[in-house]
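Hi,

Here is the structure I promised to pass on. Have a look first, and my notes follow below.

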Amino acid sequence: SSKDEHSSSLNPQSWLQVERGKLPKLSSQSSSASIESLIKVQQPPVLPFFKPVDYVEILAQIHEELESCSSQEQSNLFMFQYQVFKGLGDVKLMQRSLREAWRRASTVHEKIVFGAWLKYEKQGEELIADLLTSKRQNEYGPIDVESHIPSDVKVSSQERVLMNGNNTSQYVVFTIGDEKIVCDRQKFSELSTPFRAMLNGEFWESFSEAIDLSENNISPSGMRAISYFSMTGSLIEQISPKLLLEILVFANKYCCDRLKDACDRRLASLVTSKEDAVELMEYALDENTAVLAASCLQNLLRDLPHCLSDNRVVDLFLHANKQQLEVMVGPGLFALFCFLSEVSMNLNSSSDTTAHFLERLADFAEDNKQRLLAFHRLGCVRLLRKEYDEARCLFERAVKAGHIYSVAGLARIESIKGEEHLSYEKISSVISPVTRLGWMYQERSLYCDGDLRWKDLEKATELDPTLVYPYMYRAASLMRIENSQGALAEINRILGFKLSLDCLELRFFIYLALEDYKAALRDVQAILTLCPHYRMFEGRVAASQLRTLVLEHVEHLTTADCWAQLYDCWSAVDDIESLSVIYQMLESDVGKGVLYFRQSLLLLRYDMSVQ
């Protein structure tokens, strides 16, 4: 039944040279074969989204839980609400849920994760948002980590009285190599319990005026800085990061909590780049310094997706054990890997990095909602990687956790293994008078032919008019029987209310088959406006290259012609034509400010939710 999705390739230039006698007209037989090669419809993918059977019920359930749950649970519930809206493809509601997760975050780590996630989701929108709203530019910007993690290190007054009551020699000399550092014994003993026991207890050091610390990995400069801290309670202003790290390790070894906290906060304030974050994160995890770790995490997450191209960053997240990750992100382990896996999937859904992030996501899932999301998402990635046995196991676990949509993944695996009748039966088993959803009929149509397929696709459109595949399949089928007007009418049905790149590409090829190059140019220019690097022919040809070829067969418009055409488009509320004309005008030397502004308004209307 998948024979409709496969056919031979065609050099697009053969279509573009037919006009004006450059090539002889194609015969009806060869034309039909060429149309078959151009008008191709791929199977819809199994989407890596949470798709409940009843959206109203699940949203009501989330609302009810938000009313009764503790403040610590609210951010995770809003993150799950975000996943529900992602399945619907509603970008505005997705961002609203993330904003609420950010606002309700109970820890600085959650604040960092959701703030960076919002920044990632709003890529490219900052300038438009600044122009059209009064929101502060840095509303979800980097936070002052230090102020969000209060210091709980204190020395009790009782301890001070006891220490002050000890009448041992006032000074102690620490020797490091050939150098001697004189310290106030009482002040130094206040740094930690081990030093108090050493300098004021029953150990021999308490009666000695000189103690050798040459074998303790501390330099004379470091010891002088520690002595200064013991006297003043603060670090020297001008101190190098290297010396700070040396003191931090020493403070952690001897349980000098106040000193460690001061080093932690000073180092955290020095993290300004990805390089700083990568280098210092290792110390933060080894020495268990929460402020430094949070500062490094914020710097790395706000550099997504770019920092995932650095193997050191990926290794930090993948190789850290649970205890180290808790230093890095507190209780927000699932939120962190949910974010990281989503970014990685957008870069390359089938990469090793994506798979590893999703494995960690599944490891840190704490409840049924989180488990079904992690299992289904990882199942989709395993399916793309052709790891069918692993994918089957994951989809089965997702279904068991309550995610019916994962049955679609199981059906695909049966089909790949040549058991299409089992695929048909699996999908049929979840269809009932109570649960009848568009995706179920769309999915079942893949495993049957002829009238049964057509009937299922009609039912899919009836139940969910936003599904793209049924319109594309019907349009392609009509083109194969040379009913071009019927094909255009079918694809225009969905383009009238949903701007889909796949549908625009299909209509572009329909217009090529009809030799309507002006209309084809309009569609490819609209595609390039929405996705400048879009590629056609299953990713083999850049859309910009096809535009160049089509442009040779379209009469050149003057600037005045373009403005007149643009005015007509605005009057007719023809957004696709508007985007196309604006794209063409931006390619020329006309004043661009008003054009960019008009383009931004059109794109805001679609809210970047083009599929």
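Tyr171 stands opposite Asp184 in β2. Further along that pair of strands, Thr175 has Lys180 of β2 as its bridge partner. The strands here are β1 (residues 171-176) and β2 (residues 179-184), and they pair in the antiparallel sense over six bridges. For pairing, DSSP has to find at least two bridges between two strands. Strands are DSSP runs of E with at least two residues, helices are runs of H or I with at least four, and both are numbered from the N terminus.

Before going on, a word on what you're looking at: this is a predicted model, where local features need pLDDT of at least 70 and side-chain atom pairs count only at pLDDT 80 or more, while totals for chains, interfaces and linings use all residues. Residues are numbered from 1 along each chain as its sequence is written, and side-chain values use heavy atoms, with hydrogens and water left out.

Back to the strands. β1 and β2 form a hairpin with two residues between them, and Gly177 in the turn has a positive phi of about 65°. Angles run from 0 to 180 degrees between N-to-C directions, with axes fitted as lines to C-alpha atoms (for helices, over the stretch in contact).

What about the helices elsewhere? The axes of α4 (residues 71-88) and α19 (residues 333-347) come within 11 Å and cross at roughly 25°. That makes α4 roughly parallel to α19 (the term covers angles under 35 degrees). On the α4 side, the contact (heavy atoms within 4.5 Å) is made by Met79, Tyr82, Gln83 and Lys86, and on the α19 side by Phe334, Ala335, Cys338 and Glu342.

As for the whole protein chain, it has 34 helices and five strands. Of its 611 residues, 53% count as buried, meaning under 20% relative accessible area with a 1.4 Å probe, protein chains only. Among contacts with a separation of 6 or more, 61% come from residues 24 or more positions apart.

Cheers

How values were computed
Parallel < 35°, antiparallel > 145°, perpendicular 65-115°, else oblique. Buried < 20%, exposed > 50% of the residue type's maximum accessible area, 1.4 Å probe, protein only.
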